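Subject: Structure for your files

Hello,

Here is the structure we spoke about. My notes follow below it.

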Amino acid sequence: MSESSHPSPSSRPPRQPRKGLTSTGVRKAASKSDRSRAREFALQALYQVLVGKNDVAAVDAFTRDLAGFSKADSVHFDALLHGSAEQADQLDALIVPLLDRKLAEISPVEHAVMWIGAYELQHCLDVPWRVVLNECVELAKEFGGTDGHKYVNGVLNGLARQLRELEVAADQGAAR
């Protein structure tokens, strides 16, 4: 085979810049923040609480032993897991009025994501509301059903308008 039959480097399409996303649009592990990782582990733990009715302390201990946990923000994980589990009834009371179906018909993944979002909107005021929504939509895309992220986005967007009314209004006023 002669050299001319091989494509020259300049005839290849230019390399696309890496933006930290996989082909499905989900963030690659290397581009995730320690708080994003904490949310992922909290989601997995809350799923065990919702589906398996497992003890929160046992789920906490199990989750901390999972590969990659050392890269997560353990303080944020604690707040999300324990805060959501302890305040489950109050979080559900915030979420239910925004649903178009019974809570029992919501997938456990989306339910746990909404708990995380509702908890962060209510208690983690250092996290901007848009970040809470974006992070929860990403969780639902990665772990939930096909269009679950759209549902999560709609519910948490409505919740943000209630719980962070001034912040949302200021943000939307600045966007005009």
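Why does Lys 32 count as buried? Lys 32 counts as buried because its relative accessibility is 9%, where buried means under 20% relative accessible area, exposed over 50% and partly exposed in between (1.4 Å probe, protein chains only).

Before the rest, two remarks on the source. This is a predicted model, in which local features need pLDDT of at least 70 and side-chain atom pairs count only at pLDDT 80 or more, while totals for chains, interfaces and linings use all residues. Residues are numbered from 1 along each chain as its sequence is written, and side-chain values use heavy atoms, with hydrogens and water left out.

Lys 32 is in the segment before helix H1. (Helices, H or I with at least four residues, and strands, E with at least two, are DSSP runs numbered from the N terminus.) The side chain of Lys 32 has a polar contact of 2.4 Å with that of Glu 40 and another of 3.1 Å with that of Glu 142. A polar contact is a pair of N or O atoms within 3.5 Å; within protein, one must be able to donate a hydrogen and the other to accept it, and residues adjacent in sequence count only if both atoms are side-chain atoms.

H1 itself has 19 residues and spans 26 Å from first C-alpha to last, close to the expected 27 Å (1.5 Å times one less than the number of residues). Its buried residues include Glu 40, Phe 41, Leu 46 and Leu 50. The buried residues of H1 pack against H2, H3, H5 (108-123) and H6 (129-143), with contact meaning heavy atoms within 4.5 Å. After H1 comes Lys 53, with a positive phi near 55°.

The whole structure holds two aromatic pairs. Rings of Phe, Tyr and Trp (its six-membered ring) pair if their centres lie within 6.5 Å; planes under 30 degrees apart are stacked, over 60 edge-to-face and the rest tilted. Phe 41 and Phe 69 are edge-to-face, 5.2 Å centre to centre with 65° between the planes. Phe 41 is in H1 and Phe 69 in the loop between H2 (56-64) and H3 (74-86), so this pair ties together parts 28 residues apart in sequence. Phe 69 also pairs edge-to-face with Phe 77, at 5.0 Å and 85°. Phe 41 and Phe 69 are both buried, and so is Phe 77.

Regards
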